[in-house]
Amino acid sequence: MHAAVVRDWATPPRYEVFADPTALGEHEEVVEVLASGLHPRVRSQAAGSHYTSTDTLPLIPGIDGVGRRADGTLVYFVLPDTNLGALAEQTVVDARRLVTLPASSDPVLLAAAMNPAMSSWIALRDRLSFTAGESVLIMGATGSAGQLAVQVAKHLGAGEIVVAGRGQARLDLLRALGADRTIDLAGPLEQVAADYAARAAEVDVVLDYLWGPPTELALPALLQARRDRGRLLSWIEIGSVAGPDIALPSAALRQANVHFLGSGQGSASTAGILASLPALVEELSRGSFVIDAVTRPLRDVEAVWGERSQSSGERIVLVP
Ligand SMILES: NC(=O)c1ccc[n+]([C@@H]2O[C@H](COP(=O)([O-])OP(=O)(O)OC[C@H]3O[C@@H](n4cnc5c(N)ncnc54)[C@H](OP(=O)(O)O)[C@@H]3O)[C@@H](O)[C@H]2O)c1
């Protein structure tokens, strides 16, 4: 078969001939891959920098996708940690990690949207019991996951939705998806801090895709402006595009009732993640959420790797 293969961590995957995968375990089977998303998680996997990475090479990256089983049925699959990933003509899936899809499904849409959409879907439904009417701040709302988070929060009945990201024009576009207020992180820091205080101090939940300096700025600005500091604020760490660490002042934890938690592979159980997926597939298939998906041939993987997305929120899907 052909596959995108990483042979050294500093070089993008190359399109190569690779040995056909074989199913070995009780629940394993080989599927024909129809589409797989080039998510940030896939880039970090291919660079050896994700927290689940091992040192083993060669590696075919790709963590999920849409495939066709030997009997012709379509499935959305989530791969376990493996060196035989989804950016290939075939991959080995675990029958317990599949969602069967209707024949009319759009493989590109599902391959693009499932990973970014499940970040907020699982955070709001499984990591805490989000209640309709509660308000949400989305940090990093301009990306694919952030844009889907706006839609997922709206779908789950969020009260006010505040979006923070770089660029007022891009933030304004999120109003059509359900955002009520915007915070432009590209402005002067004092202005950004003042905007957090004025526009986001009363939220119930923060979905944080940024971490790093933007979170260090937001946290005190928001906590100190809260009218009732005893009211619970749940701060869910989901991504770290702006930095892997923050300095957390001890006072922040004393001066307001803020609970930090994370949502991702490990903090959410595999069984819990899998149980949440059929309902998400259903919503995506019925058009409840939109994503800007761009299809590229897998054979161009090396060139695609070096490209920046044309617009923020665009998700590349590689098709064998
Ligand atoms: N835990 C989970 O379940 C889960 C699931 C999916 C994704 N994630 C993680 O969530 C994060 C976002 O994923 P994604 O799919 O949305 O990625 P994406 O589509 O690449 O979007 C990233 C966004 O972050 C913005 N950004 C980057 N640095 C920034 C900064 N310093 N300040 C403000 N905005 C900044 C980018 O905008 P610019 O154009 O301004 O750079 C872009 O809009 C990633 O870390 C990903 O791994 C986690």
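Start by selecting W211: at 13% relative accessibility this residue counts as buried, where buried means under 20% relative accessible area, exposed over 50% and partly exposed in between (1.4 Å probe, protein chains only). W211 sits in the loop between strand 11 (205–208) and helix 6 (213–224); helices (H or I, at least four residues) and strands (E, at least two) are DSSP runs, numbered from the N terminus. Check its backbone too: phi of W211 is near 60 degrees, a positive value in a residue other than glycine. Most residues other than glycine have a negative phi, and most peptide bonds are trans.

Before moving on, a word on what is on the screen. This is a predicted model, in which local features need pLDDT of at least 70 and side-chain atom pairs count only at pLDDT 80 or more, while totals for chains, interfaces and linings use all residues. Residues are numbered from 1 along each chain as its sequence is written, and side-chain values use heavy atoms, with hydrogens and water left out.

**Stop two: a cis bond**

Now pick L57 and P58. The peptide bond joining L57 and P58 is cis, with omega about 0 degrees. You will find P58 in the loop between helix 1 (40–46) and strand 4 (64–68).

**Stop three: S119**

Next, go to helix 2, where S119 is found. S119 is buried, at 14% relative accessibility. Show its side chain and look for two partners. One is the backbone oxygen of P116, which the side chain of S119 reaches at 2.7 Å. The other is the side chain of Y209, in a polar contact of 2.8 Å. A polar contact is a pair of N or O atoms within 3.5 Å; within protein, one must be able to donate a hydrogen and the other to accept it, and residues adjacent in sequence count only if both atoms are side-chain atoms.

**Stop four: the ligand**

Zoom in on the distances. A polar backbone atom of A145 is 2.8 Å from an oxygen atom of the ligand. A polar side-chain atom of R170 also lies 2.8 Å from a ligand oxygen atom. For a nitrogen atom of the ligand, look to S263, which has a polar backbone atom 2.7 Å away.

Select A169 in helix 4 (residues 168–173). A169 is exposed, at 60% relative accessibility. Its C-alpha atom is 9.3 Å from that of D184, 15 residues apart along the chain. Then try A293, in strand 14 (residues 292–297), which is partly exposed with a relative accessible area of 30%.

**Last stop: zoom out**

Finally, show the whole protein chain, with its nine helices and 15 strands. Of its 320 residues, 49% count as buried. The C-alpha atoms fill a box of roughly 60 × 40 × 35 Å, taken along the principal axes.
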